[in-house]
Amino acid sequence: MFTRTQKYQSSTPKEDLRNRLVGHHVKIHNMDFEVYEKEQSLRIIPHAEQEEGLKTLPITKVEMKQEGDRMRVVVTSKMRRLDAGGPLLIVTFCTFMLIAAAILILVGGEIRIAFALLAIASSILAVFFVRMQMGYFDYIRKIRSYIESNLDAA
């Protein structure tokens, strides 16, 4: 649900892209991300040791495969395991509220309670997804644009 994958084709040689990225740091929203090589792919991980606030951060894996004169680049961003609990708990809680509301409506139960559950769950999900777009998914978009800019650079 929170994993994003993007595929690119580039004429940039694999070693050239690796040399441009490995060892560099990316600064996004005052958060430092480091690029390093692991198991024939690149990883972009956040340095959140000094971070005081609660943030949901991605770990990005960049896989490069040379195919003739073209290179295929697959960028996969996943939520850190440490951060996954909160968002999954919110989505699960809201899902149960929506199911309870649907059951109440189907069995002819208290309609006011069903609509209250629908309203509460919808409100929580709306706020949650807006916050995720402003935080977690914004980090992913900026990391992806950083990789794209290094693919296009000559």
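These legends describe close-up views of helix packing and backbone geometry in a predicted model.

**View 1. Helix α1 meets helix α4.** Two helices are shown, α1 (residues 14-21) and α4 (residues 136-152). Their axes lie 10 Å apart, and the packing angle is about 130°. The two helices are therefore oblique to each other. The crossing of α1 and α4 is right-handed. From α1, the contact uses Leu17, Arg20 and Leu21. From α4, Tyr146, Asn150 and Leu151 take part. By class, this contact of α1 with α4 holds four nonpolar residues, one polar and one charged.

**View 2. The buried face of α1.** Which residues of α1 are buried? They are Leu17, Arg18, Arg20 and Leu21. Viewed down the axis of α1, these buried residues fall within an arc of 160°, so they line one face of the helix. Their packing partners include strands β3 (31-38) and β4 (41-47). Strands β5 (58-67) and β6 (70-79) are also among the partners, as is helix α4. Just after α1 comes Gly23, with a positive phi of about 85°.

**View 3. Helix α2 against helix α3.** Helix α2 (residues 81-106) packs on α3 at an angle of about 155°. The axes of α2 and α3 are 8 Å apart. An angle over 145 degrees counts as roughly antiparallel, and so α2 is roughly antiparallel to α3. The crossing of α2 and α3 is left-handed. On the α2 side, the contact residues are Pro87, Ile90, Val91, Phe93, Cys94, Met97, Leu98, Ala100, Ala101, Leu104 and Ile105. On the α3 side, they are Ile111, Ile113, Ala114, Phe115, Leu117, Leu118, Ile120, Ala121, Ile124, Leu125 and Phe128. How do the residues of the contact of α2 with α3 divide, and how many are nonpolar, polar or charged? There are 22 nonpolar residues, with no polar and no charged ones.

**View 4. Helix α3 and helix α4.** Helix α3 (residues 111-134) and α4 have axes that come within 3 Å. Those axes cross at roughly 30°. Angles under 35 degrees count as roughly parallel, and α3 and α4 are therefore roughly parallel to each other. Met132, Gln133 and Met134 are the α3 residues in the contact. They meet Tyr136, Phe137, Asp138 and Arg141 of α4. Four nonpolar, one polar and two charged residues make up the contact of α3 with α4.

**View 5. A positive phi at His29.** Most residues other than glycine have a negative phi. His29 has a positive value, near 50°, and is a residue other than glycine. Where does His29 lie? His29 is in the loop between β2 (25-28) and β3. With 41% relative accessibility, His29 counts as partly exposed.

**View 6. A positive phi at Gln40.** Gln40 is not a glycine, yet its phi is positive, at about 60°. This residue sits in the loop between β3 and β4. Is Gln40 buried or exposed? Gln40 is exposed, with a relative accessible area of 58%.

Terms used. Residues numbered from 1 in each chain as written. Predicted model: local features only at pLDDT ≥ 70, side-chain atom pairs only at ≥ 80, totals over all residues. Heavy atoms only, no water. Axes fitted to C-alpha atoms, helices over the stretch in contact; angles between N-to-C directions. Helix = DSSP H or I, 4+ residues; strand = E, 2+ residues; numbered from the N terminus. Parallel < 35°, antiparallel > 145°, perpendicular 65-115°, else oblique. Left-handed = near helix turned anticlockwise from the far one by under 90°. Contact = heavy atoms within 4.5 Å. Nonpolar A, V, L, I, M, F, W, Y, C, P; charged D, E, K, R; others polar. Buried < 20%, exposed > 50% of the residue type's maximum accessible area, 1.4 Å probe, protein only. Arc of directions from axis to C-beta.
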